[in-house]
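Please open the model in your viewer and keep the sequence panel beside it, so that each selection below can be followed in turn.

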Amino acid sequence: MMDVMEIKKWLPHRYPFLLVDRVVELREGEYIRAYKNISVNEEVFNGHFPQAPIFPGVMIIEAMAQASGILGFKTIGKTPQDGSVYLFAGADKVRFRRQVVPGDQLELEATVISEKRGIWKFECKASVDGQLASSATILCADRKV
């Protein structure tokens, strides 16, 4: 289990763009399960639709990519402090199945599909209360900064 202070050791993101609140399960080289609490106080809801707030799909994809980045960093034992960063390199087969709204807890799951020359491929999904909200294949590139 990782709380937000531990997560900050493995990701370079900070408020308002750190989109992983807690890691509840992680098997290095295999799998991660984490979550993001969706709060009505988030900046994005000032403009993404104030009368009917919906968490943007691109931010759901970013949350899945951040969870994937934690898994990759932990697997190879690197941190941003080591001069390494995971860059979001692509998303394939993206699908959205349900809206994510304030009060939801977005469960993030990522499974390693492959790693080749620093390019990682993850199968990801984001769910709320057991219902699939989004799925995608995410590519991340481990690069020096």
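In which strand does Ser 134 lie? Select Ser 134 and you will find that it lies in strand β6, where strands are DSSP runs of E with at least two residues, helices are runs of H or I with at least four, and both are numbered from the N terminus. Before going further, note that this is a predicted model, in which local features need pLDDT of at least 70 and side-chain atom pairs count only at pLDDT 80 or more, while totals for chains, interfaces and linings use all residues. Residues are numbered from 1 along each chain as its sequence is written, and side-chain values use heavy atoms, with hydrogens and water left out.

Stay with Ser 134, which counts as buried at 0% relative accessibility; buried means under 20% relative accessible area, exposed over 50%, and partly exposed in between, with a 1.4 Å probe and protein chains only. Its side chain reaches the backbone oxygen of Arg 95 at 2.9 Å, a polar contact in the sense of a pair of N or O atoms within 3.5 Å, where within protein one must be able to donate a hydrogen and the other to accept it, and residues adjacent in sequence count only if both atoms are side-chain atoms. Now display the residues that Ser 134 touches (heavy atoms within 4.5 Å), leaving aside those up to four places away in sequence: Ile 60, Met 64, Arg 95, Phe 96, Lys 125 and Ala 126.

Next, select residues 57-76, which form helix α2. This helix has 20 residues and reaches 29 Å from its first C-alpha to its last, close to the 28 Å expected at 1.5 Å a residue, the expected span being 1.5 Å times one less than the number of residues. Helix α2 is mostly covered, with 16 of its 20 residues buried, and it is followed by Gly 77, whose phi is positive, near 70°.

Move on to Tyr 35 in strand β2, residues 31-37, which counts as buried at 17% relative accessibility. Among the residues it touches, not counting those up to four places away in sequence, are Val 20, Arg 22, Gln 105 and Leu 108. If you draw a distance from the C-alpha of Tyr 35 to that of Val 128, 93 residues apart along the chain, the separation is 9.7 Å.

The next stops concern backbone geometry. Most residues other than glycine have a negative phi, and most peptide bonds are trans. Select Tyr 15 and Pro 16, which are joined by a cis peptide bond with omega about 5°; Pro 16 is found in the loop between α1 (4-10) and β1 (22-27). Then go to Arg 117, in the loop between β4 (105-116) and β5 (119-128), which has a positive phi of about 50° although it is not a glycine and is exposed, with a relative accessible area of 73%. Asp 129, in the loop between β5 and β6 (131-144), also has a positive phi of about 50° without being a glycine, and it counts as exposed at 74% relative accessibility.

Finally, select Cys 124 and Cys 140. A search of the whole structure finds zero disulfides. Cys 124 is buried, with a relative accessible area of 3%, and Cys 140 is buried at 2%.

How values were computed: Disulfide = S-S within 2.5 Å.
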